[in-house]
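Dear colleague,

Please find the structure below, together with its sequence. My findings on helix packing and charged pairs follow it.

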Amino acid sequence: MVDVLPGKNSVTDMVYKVEELFQKHGLHLGLDLVAGQKGLKRSIKVPEAHRPGLSLCGFMKNHAHKRILVFGKVEIEYLRDLDPSVRVSRLKEILTSSTPAVIVARRLLPLKELSELCQSKGISLFRSSMSTMNLLSKLTLLLNEEFSPSMTCHGTLVEVFGVGVLIKGDSSVGKSEAALGLIERGHRLISDDVVKVKKREGSYVEGFGAELTRHHMEIRGIGIINVANLYGAVCVRDNKSIDIVVKLETWDDQHFYDRVGLVENFCDVLGVNIPYHVLPVKPGRDVVLLLETIALNHRLKAMGYNSAKEFNNKLLDMISSKNQTRIRSRETV
């Protein structure tokens, strides 16, 4: 069974501006704005950057107009060798209204025609101190990070025996208290109450907390506490992959709860299926111990050992053995 984890998706209508890239990562990428101040308001629509390559030779078939253009030493020297009129013509072809920005690597001086065209077309032109290949690699990683699908959900994220456990449930069911008990036993808190989730590398999801509430918990009757100050820095961390989702719910005698564990349920989080458990809560149940057991059992399954399946196989073998014994005894009689 696959359920969808409810949450607020923040990617569908995402608008990422050149200005945001410059402000957040300009220092890391060694960027300086040379021309095209108005171009900072342009939108970056795809998380990709590329070198113009054959486009500078006039081959415009399949040219990616929506990507950030990166000019290296080869591109600049090639343009310098061209006749000025041809140079302007080629640059006009690749610099369109869809071009988000242009970056010249290796601290090279942009050509006069390139600066003038960027200024007139309202395209931001930057110089970078990085080498061309390093710039392309880091820019691609940063853009993929910014464009990764993300959401915000209500819950508490903890690390238990190295397993990222997202504890969900209705308000006042005991999520924060359970997390506090885990912290007391030496496990680590990532985020309480509000968990930001982001998809990484298209294969797994990672959870983290907001800057304001990081390392803090809200405990009813006590108030806001700082876990790092109370229990030490070893009991907190900034982010963790979400490996399992556990929903705490008030015990209902009319509800059927799985007592074997042969059926594995999953929860859809940003397109990634994550093991999902429903844990009924009532007085007398050690929720902290049960959460630890779920995390340890998850690690065993990841190592290829499934206790429920092993028990089921033993049971089937025993039934088969007894049936064969009965058949033999009947044949003897």
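E292 and R185 form a salt bridge, in which the closest N and O atoms are 2.9 Å apart. Because E292 belongs to helix α8 and R185 to the loop between α6 and β13 (188-191), this pair ties together parts of the chain that are 107 residues apart in sequence. Please bear in mind that the model is a predicted one. The two partners may also be described by their accessibility. E292 has a relative accessibility of 10%, below the 20% limit, and therefore counts as buried. R185, with a relative accessible area of 42%, is partly exposed.

Helix α8 also takes part in a helix contact. The axes of α6 (residues 175-184) and α8 (residues 287-302) come within 9 Å and cross at roughly 70 degrees. Since angles of 65 to 115 degrees count as roughly perpendicular, α6 is placed in that class relative to α8. On the α6 side the contact involves A178, G181 and L182, which meet V287, V288, L291 and E292 of α8. By class, the residues of this contact are 5 nonpolar, 1 polar and 1 charged.

The crossing of α3 past α4 is right-handed. R87, V88, L91 and K92 in α3 meet E113, L114, L117 and K121 in α4. This contact has 4 nonpolar and 4 charged residues, and no polar ones.

E113 lies in helix α4 and R87 in helix α3, so that the pair links distant parts of the chain, 26 residues apart. Both of these residues are buried.

E206 and R200 are both buried. These two residues also belong to a network of salt bridges that links E145, K198, R200 and E206.

With kind regards

Terms used:
Residues are numbered from 1 along each chain as its sequence is written. This is a predicted model: local features need pLDDT of at least 70, side-chain atom pairs count only at pLDDT 80 or more; totals for chains, interfaces and linings use all residues. Side-chain values use heavy atoms; hydrogens and water are left out. Axes are lines fitted to C-alpha atoms, for helices over the stretch in contact, and angles run from 0 to 180 degrees between N-to-C directions. Helices (H or I, at least four residues) and strands (E, at least two) are DSSP runs, numbered from the N terminus. Angles under 35 degrees count as roughly parallel, over 145 as roughly antiparallel, 65 to 115 as roughly perpendicular and the rest as oblique. Contact means heavy atoms within 4.5 Å. Ala, Val, Leu, Ile, Met, Phe, Trp, Tyr, Cys and Pro count as nonpolar, Asp, Glu, Lys and Arg as charged, and the others, Gly among them, as polar. A crossing is left-handed if the near helix is turned anticlockwise from the far one by less than a right angle, and right-handed if clockwise. Buried means under 20% relative accessible area, exposed over 50%, partly exposed in between (1.4 Å probe, protein chains only). A salt bridge is a side-chain nitrogen of Lys or Arg within 4 Å of a carboxyl oxygen of Asp or Glu.
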